[in-house]
Amino acid sequence: NHLPDTFTPEFHDNRAVLQMPHNTLGKTGLKVSKLSFGASSLGNVFRSTNESESIEVVREALRQGINYIDVAPWYGHGLAEKVLGKALDGIPRTAYYIATKVGRYQPEVDKMFDFSAERTLRSVDESLQRMGLDFVDIIQVHDMEFAPSLDIIINETLPALQKVQQSGKARFIGITGYPLGNFRTVLERSTVKIDTVLTYCRACIHDNGLQEYIPFFQERGIGIINASPIAMGLLSNQGPPDWHPATKDIKEACARSASFCRENDCDISKLAMAYTLGFPGIHTTLFSTASLGNLRKNLACANTQLSHKEEDVLKDVIKRYIDPLPVHHWEGVEVDEYKRQLQGVPDEHTFKLG
């Protein structure tokens with residue numbers, strides 16, 4: 001395992017970088033750490049955070065061998081990018097790869113999404129300014145399922161990102177979202193070359209739906225970025241936040257799984273992380289935290305193998321609680337809710353659009 005191009009002797013912990021597994025992200029040539037850092041938590045997305053600890057978390061993550069960071073203007077509505085900018089200040093630009101997004105912006109439902117070319121171009125400049133950068137490595141369309149139609153993504157957003165790429169403000173172009181079928185549609189129809197896909201909660205204990213799409217992505221040389229190994233809290237002892245869009249069935253199955261793990265002296269989050277990191281075909285998996293303790297726990301997972309007992313408990317959990325689920329995902333739930341809110345129709349199941 002030789003050192004990646006991002007290795008910077010005066011900055012990195014040499015041993016940690018050598019221990020971190022790396023993969024080449026599709027055809028981009030970027031050799032990315034198997035575990036990567038999602039900066040959503042820096043925007044107070046999950047809990048209120050302490051800025052100086054957030055900055056230390058980013059720096060420590062990079063020093064310890066993580067070389068890929070993912071952020072978006074949506075996270076804290078600009079706050080995550082600003083905090084990230086402070087954290088990256090003084091770190092050599094060659095020491096990391098960074099990706100941000102366009103398309104999702106403000107908390108008000110009528111200002112949340114804008115996939116127009118004009119807003120897209122402006123957003124990239126705003127992001128670069130907030131982070132104090134001249135360019136990002138990857139610019140991505142954020143949650144494209146919320147566009148009025150995928151035609152807008154194909155005819156307007158992606159061509160705008162191609163202009164961004166031609167101007168040198170981004171090296172590669174990516175698309176992100178939760179429903180898996182949209183990736184196939186957009187990759188097949190786009191005239192703009194797409195380099196990466198990012199999805200979340202689809203390579204987890206409760207839902208391995210990403211598996212059937214991996215050959216399609218591999219044929220096209222697409223970099224595969226995966227996020228949220230603990231499925232936004234579903235696969236944790238705390239359980240998911242109130243706004244979590246999973247169905248009642250999925251939430252119950254995951255809660256039962258967590259308690260079964262506890263009864264067997266196992267931590268479901270550790271099993272979830274190992275399951276996702278062992279998932280074939282994924283180039284990097286993002287996790288998000290603003291706490292140094294959590295960062296260290298996640299870093300330790302990159303190199304630890306499950307014990308035989310933990311492997312047995314994991315198999316048991318899947319067989320007992322997950323396999324019987326009729327549906328393993330919540331595709332459509334959030335988009336329907338968004339459309340309802342947009343039309344001003346109150347709904348008794350209103351949850352925050354994460």
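**Exercise 1. Which elements make a right-handed β-α-β unit with helix α4 (residues 117-131)?**

Before starting, note that this is a predicted model, where local features need pLDDT of at least 70, side-chain atom pairs count only at pLDDT 80 or more, and totals for chains, interfaces and linings use all residues. Residues are numbered from 1 along each chain as its sequence is written, and side-chain values use heavy atoms, with hydrogens and water left out.

*Solution.* 
- Step 1: get the elements. Helices (H or I, at least four residues) and strands (E, at least two) are DSSP runs, numbered from the N terminus.
- Step 2: check the pairing. Two strands pair if DSSP finds at least two bridges between them. Strand β5 (residues 97-102) is joined to β6 by four bridges, and they run parallel. T100 sits opposite I139 in β6.
- Step 3: check the hand. A crossover is right-handed if, with the strands pointing away from the viewer, the path from the first strand over the helix to the second runs clockwise. The unit is made by β5, α4 and β6, and it's right-handed.

**Exercise 2. Follow the chain on from β6 and say how enclosed this strand is.**

*Solution.* 
- Step 1: β6 also pairs with β7, in the parallel sense, over five bridges. Here Q140 faces G174 in β7.
- Step 2: to get from β6 to β7 the chain goes through α5, and this β-α-β crossover is right-handed.
- Step 3: buried means under 20% relative accessible area, exposed over 50%, and partly exposed in between (1.4 Å probe, protein chains only). Six of the six residues of β6 (residues 136-141) are buried, so the rest of the structure largely encloses this strand.

**Exercise 3. Work out which parts the F113 and F146 pair ties together.**

*Solution.* 
- Step 1: apply the ring rule. Rings of Phe, Tyr and Trp (its six-membered ring) pair if their centres lie within 6.5 Å; planes under 30 degrees apart count as stacked, over 60 as edge-to-face and the rest as tilted. That gives 12 aromatic pairs.
- Step 2: F113 and F146 come out stacked, at 4.5 Å centre to centre with 10° between the planes.
- Step 3: F113 is in the loop between β5 and α4 and F146 in the loop between β6 and α5, so the pair ties together parts that are 33 residues apart in sequence.
- Step 4: look at accessibility. F113 counts as buried at 11% relative accessibility, and F146 counts as buried at 5%.
- Step 5: widen the view. Ring pairs link F113, F115, F146 and Y338 into a cluster.

**Exercise 4. Describe how the buried residues of α6 are arranged, then look at α9.**

*Solution.* 
- Step 1: in α6 (residues 181-189), the buried set includes N182, F183, V186 and L187. Down the axis of α6, its buried residues fall within an arc of 125° (taken from the directions from the helix axis to the C-beta atoms), so they line one face of the helix.
- Step 2: contact means heavy atoms within 4.5 Å. The buried residues of α6 pack against α5 (150-166), β7 (170-176), β8 (196-200) and α7 (214-219).
- Step 3: α9 (residues 268-277) is mostly covered, with eight of its 10 residues buried. Among the elements its buried residues pack against are β3 (35-38), α8 (248-263) and α11 (308-322).
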